[in-house]
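Visitor: I would like to learn how to read a structure like this one. Where do we start?

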Amino acid sequence: MKVIKTQPLILLILISLFIQCKGSQPVTLQSTPPFVLAQAPYYQAWIAGIPGGGSGINVFIPVEGTKGFDPDSLHFRGQRVKAVYQNKRIVGRFDTPHNQKKDLVLSQNVWKEMQNSLLAAGDRSPFPLRNNACILSYQVQNKRYYYKIEALQQQPSIAYPSAPPD
């Protein structure tokens, strides 16, 4: 008859339960942010005028009274990017799959070819959002908070020219 030691098994079960509970804490969205919206937040798509030049969507949140908090990241359409404060706006720059370089690694080394990807991995956002909503993550005294902004206004797309005019 086989004897099973129960102490390691019980310890393993307790550790896995603790890890699951720790990771499943819900995120609380703030109802009032530590800044004032100076204008209506908006987003604007862009595309480069040359093949492989890239494309994306920029999200702009015009703000006033930015003392005391640091913008951390911006979540929009399933992606997460670093939020940057510049020119009295919080800006997030999101890449889209259109007009991107299509470089492939062709090699006898299988590991190098495995770096090829048909879909960009990117930094995925855990928040399910509508197409015209975003979540701003920010820090106050080294504590992270989240603020949801709905009804972002869509601005006309920008199509950059292929080359500067002569």
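Guide: We start with a definition. A salt bridge is a side-chain nitrogen of Lys or Arg within 4 Å of a carboxyl oxygen of Asp or Glu. Keep in mind that this model is predicted.

Visitor: By this rule, how many salt bridges does the count come to?

Guide: The count comes to 2 salt bridges. One of them joins R144 to D72, with the closest N and O atoms 3.0 Å apart. R144 lies in strand β9 (residues 143-149) and D72 in strand β4 (residues 70-76), so the pair ties together parts that are 72 residues apart in sequence.

Visitor: Which side chain meets E150 in a salt bridge?

Guide: That of R130, at 3.1 Å from N to O. This pair also links distant parts of the chain, 20 residues apart. E150 sits in the loop between β9 and β10 (153-159). R130 sits in the loop between α2 (110-113) and β8 (134-140). E150 is partly exposed at 42% relative accessibility. R130 is partly exposed at 49%.

Visitor: Now the strands. How do I read a sheet?

Guide: Take the general idea, then the order. Strands of a sheet pair through backbone hydrogen bonds, either parallel or antiparallel. Here an open sheet of 4 strands has the order β5-β4-β8-β9, and its pairing is antiparallel.

Visitor: Which strands stand at the edges?

Guide: β5 (79-82) and β9 do. Each has a single partner strand, so one side of each is left without a neighbour in the sheet. From one strand to the next, the twist averages 25 degrees.

Visitor: How many bridges join β4 to β8?

Guide: 6 bridges join these antiparallel strands. For a position to look at, find P71, which stands opposite Y138 in β8.

Visitor: What does S73 touch?

Guide: S73 is in strand β4. Leave out residues up to four places away in sequence. S73 then touches R80, V81, K82, A83, I135, L136 and S137. Its relative accessible area is 8%, so S73 is buried.

Visitor: And a loop residue? Where is the place of N131?

Guide: N131 is in the loop between α2 and β8. With a relative accessible area of 52%, N131 is exposed. Setting aside neighbours within four places in sequence, N131 is in contact with Y43, F76 and R77. Compare sequence and space for one of these contacts. N131 and R77 are 54 residues apart in sequence and 5.8 Å apart in space, C-alpha to C-alpha.

Visitor: Let us finish with backbone angles. What is the phi of K88?

Guide: K88 has a positive phi of about 60 degrees, although K88 is not a glycine. Its place is in the loop between β6 (84-86) and β7 (89-95). At 60% relative accessibility, K88 counts as exposed.

Visitor: What about N142, and where is its place?

Guide: N142 is in the loop between β8 and β9. N142 has a positive phi of about 60 degrees and is not a glycine. N142 counts as exposed, at 75% relative accessibility.

How values were computed. Residues are numbered from 1 along each chain as its sequence is written. This is a predicted model: local features need pLDDT of at least 70, side-chain atom pairs count only at pLDDT 80 or more; totals for chains, interfaces and linings use all residues. Side-chain values use heavy atoms; hydrogens and water are left out. Helices (H or I, at least four residues) and strands (E, at least two) are DSSP runs, numbered from the N terminus. Buried means under 20% relative accessible area, exposed over 50%, partly exposed in between (1.4 Å probe, protein chains only). Two strands pair if DSSP finds at least two bridges between them. Axes are lines fitted to C-alpha atoms, for helices over the stretch in contact, and angles run from 0 to 180 degrees between N-to-C directions. Contact means heavy atoms within 4.5 Å.
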